[in-house]
Amino acid sequence: MLDGFHILTLTHRDAPLEALAHAIVPGENTADTLEQLKSAMGWEELLYLATCNRATYVFYTQEPVSAQLPGMVLQHIRPELSETTVMETAARMRLLHGNEAVTHLLEVAASMDSLVVGEREIIRQLRQAYDQCKSWQLTGDHLRLLMGFTIETAKEIYTHTGIGRKALSVVALAFGEMQKTGLRPNARILLVGAGETNSLYAKFLVKAGYRNVTVFNRTFAKAEALAATHQWRALSLDELAFYSEGFDALVVCTGATSAIITPELYQQLLAGETDKKVVVDLSIPHNVARETTQQFPMTYIEIEGLKETANQNLAYREQEREKAAGLIQERIYAFRDRWHERQVERALAHIPEEVKAVKERALNEVYGREFSQLDPQAQELVLRMLGYMEKKCVAIPIKAAKEVALRGRKQRKQVSLPA
Ligand SMILES: NC(=O)c1ccc[n+]([C@@H]2O[C@H](COP(=O)([O-])OP(=O)(O)OC[C@H]3O[C@@H](n4cnc5c(N)ncnc54)[C@H](OP(=O)(O)O)[C@@H]3O)[C@@H](O)[C@H]2O)c1
């Protein structure tokens, strides 16, 4: 029943990342290339998704699909590729049909097929790809229905399984570890570095309500920009050596290739305080000198120590993938029903117009003369009766189709129930 849906794909599972490039539509004139591809292949609808680890063509056609399709598509989108490259790349591509294709798209959206299982970014990418293809008029009713269902299913999987639940990113893990120390929202936090990593860390700080943060950076303007966004304080990195207000947590992450936080500097930063501090160092190489970590009492959070947690969390997500696969198997039936109902709806879409035309013909042609001879009161009654009949006649086939669909669903449920 879902026979019209197909997917041609090349992903990180099938090929090294550099080989993926061969299946990607070149940046210039993407819309034209895809339009020509769709028309050359005789597809009714097309959705194209390209990310850093997949090139995927989801298409709809009721015509038979040739096993030679991968090579034909590659020749079309990348005519400059050599015959050998086309053959090698085509051999790695997967061509999926019907149920298998729909299942694959659901798995992609639920991030079960991602490089990092549970990474939700794929949903955004898929939505964006769909909106783009829709605006290029490449998609239609079948892919609209499939996309809506796909996003709905992915959300359900994220809610009912732990596939995206346990953190994997270094920043999220480090922040989680810092939180475990029980820092209060008014804790004094020194953020050293205002690059990408610390900007991300800053987002976690804001979300958790930390407000007493001082940002230090080599380029003062960047410290200022990061601090201003959250109404924190900004200072130049040079001022770190003179900072004497004490602190509760020190988060260091810069591109410096030698240690910044030497024992001397750390002693200065303590400003006479002797309690145990929290020190987070996400830099590679470390920005906090080994001697500093050895000489002072601190909860020290750094990348190596986070790896084990990351591996455990990844194993947990892999386990949850099994649960997600079970959910998808159940959901496929729901999609079949929805797709079938939509086809019935489309097939019946012309009925209201036809019934209306019959009514008009009766009034104007078949009984035209008799109708015109009736007095206004009788004419109004006839019109009201015909209007009523029209409504009821339109509803009859739709009601019948819904009953058939419902019966089918009930039967399928009974068949799938364990004895
Ligand atoms: N383990 C991980 O997963 C992971 C992930 C991302 C990053 N990192 C590490 O985190 C560090 C920063 O990465 P990023 O992505 O945030 O980099 P980024 O966006 O390029 O920012 C670099 C930051 O470091 C500062 N900086 C560079 N060289 C410096 C130096 N010699 N002395 C003092 N400050 C210096 C820059 O200051 P200016 O603004 O003045 O240039 C900027 O604040 C790197 O060591 C990187 O390897 C690790």
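## Basis and overall form

Two residues are taken to be in contact if their C-beta atoms, placed from the backbone, lie within 7 Å. On that basis, 74% of the contacts in the chain with a separation of 6 or more are between residues 24 or more positions apart. The model is a predicted one.

The chain contains 16 helices and ten strands. Its radius of gyration is 31 Å, whereas a compact globule of 419 residues would have a value near 22 Å. The C-alpha trace spans about 105 × 65 × 55 Å along its principal axes. Buried residues make up 31% of the 419 residues of the chain.

The domain assignment of the chain gives domain 1 as residues 5–164 and domain 2 as residues 170–306. Taken over C-alpha atoms, the centres of domain 1 and domain 2 are separated by 43 Å.

Helix α13 covers residues 303–347, and its buried residues are L306, R317, E320, R321, A324, I328, R331 and F335. These buried residues of α13 pack against α5 (98–109), α7 (141–160) and α8 (170–180). An α-helix has 3.6 residues a turn, so residues three or four places apart point the same way.

Strand β5 comprises residues 189–192. I189 and L191 point one way from β5, L190 and V192 point the other way, and all are buried.

β5 pairs in the parallel sense with strand β6 (residues 213–217), over four bridges. Within this pairing, V192 stands opposite F216 in β6.

## The ligand shell

The shell around the ligand has 20 residues, of which G195, R218, T219, T254 and G255 come nearest. Helix α9 (residues 196–207) gives the most to this shell, with three residues.

L46 lies in strand β2, which covers residues 45–51. L46 counts as buried because 22 other C-beta atoms lie within 10 Å, and the cut-off for a buried residue is 20 or more.

Leaving aside neighbours within four places in sequence, L46 is in contact with L34, K38, Y57, F59, C133, L138 and T139. The C-alpha atoms of L46 and A167, which are 121 residues apart along the chain, are separated by 35 Å.

## Backbone features in loops

A cis peptide bond joins I284 and P285, with omega about -5°. P285 lies in the loop between β9 (277–281) and α12 (290–295).

S111 is placed in the loop between α5 and α6 (121–135), and Q231 in the loop between α10 (220–230) and β7 (233–236). Q231, by contrast, counts as exposed because it has 9 C-beta neighbours inside 10 Å, and a residue is exposed at 12 or fewer.

Methods: Residues are numbered from 1 along each chain as its sequence is written. This is a predicted model: local features need pLDDT of at least 70, side-chain atom pairs count only at pLDDT 80 or more; totals for chains, interfaces and linings use all residues. Helices (H or I, at least four residues) and strands (E, at least two) are DSSP runs, numbered from the N terminus. The radius of gyration is taken over C-alpha atoms; the globule rule is 2.2 Å times the number of residues to the power 0.38. A residue is near a molecule or strand if its C-beta atom, placed from the backbone, lies within 6 Å of it. Domain bounds come from an automatic or database domain assignment. Two strands pair if DSSP finds at least two bridges between them.
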